[in-house]
Amino acid sequence: MNEAPDDFEKAANAKPPGLWRELWTLLRTNKKWWLLPIIIALVAVGVIIAVAVAVPSAAPFIYSFF
């Protein structure tokens, strides 16, 4: 009755990977390297928006980007 767990049980009990780990695995295993510039651009826009919300005095400088 005390058998060693098989691969399925080990995978079920393992901690699930995070978002960035899953994204990296997708890019690496499926050779979807064309997605990388899109992801970088989306993250950059998100950072710019976060800065615009956090620092209102930076808004005039950020508007010139768009």
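In this predicted model, Gly18 counts as partly exposed because its relative accessibility is 39%, and partly exposed covers the range between the buried limit of under 20% and the exposed limit of over 50%. Gly18 is located in the loop that runs between α1 (7-13) and α2 (19-30).

Leu19, Trp20, Val43, Val47, Val51 and Val55 together make a nonpolar surface patch of about 570 Å². Two or more residues of this patch come from each of the elements α2 and α3 (35-54). The largest share is that of α3, which gives three residues.

Trp20, one of the residues of the nonpolar patch, lies in helix α2. Trp20 has a relative accessible area of 57% and is therefore classed as exposed, since the limit for that class is over 50%.

A patch of another kind remains to be described. Glu3, Asp6, Asp7 and Glu9 form a negative surface patch. Among them, Glu3 belongs to the segment before α1. With a relative accessible area of 70%, Glu3 is exposed, because exposed residues are those over 50%.

Key
Residues numbered from 1 in each chain as written. Predicted model: local features only at pLDDT ≥ 70, side-chain atom pairs only at ≥ 80, totals over all residues. Heavy atoms only, no water. Helix = DSSP H or I, 4+ residues; strand = E, 2+ residues; numbered from the N terminus. Buried < 20%, exposed > 50% of the residue type's maximum accessible area, 1.4 Å probe, protein only. Patch = residues over 30% accessible without salt bridge, like charges linked within 9 Å, V, L, I, M, F, W, Y side chains within 5 Å. Areas by Shrake-Rupley, 256 points an atom, 1.4 Å probe, with all protein chains shown as cover. Salt bridge = Lys/Arg side-chain N within 4 Å of Asp/Glu carboxyl O. Lys, Arg positive; Asp, Glu negative; His and termini not counted. Charge placed at Lys NZ, Arg CZ, Asp CG, Glu CD.
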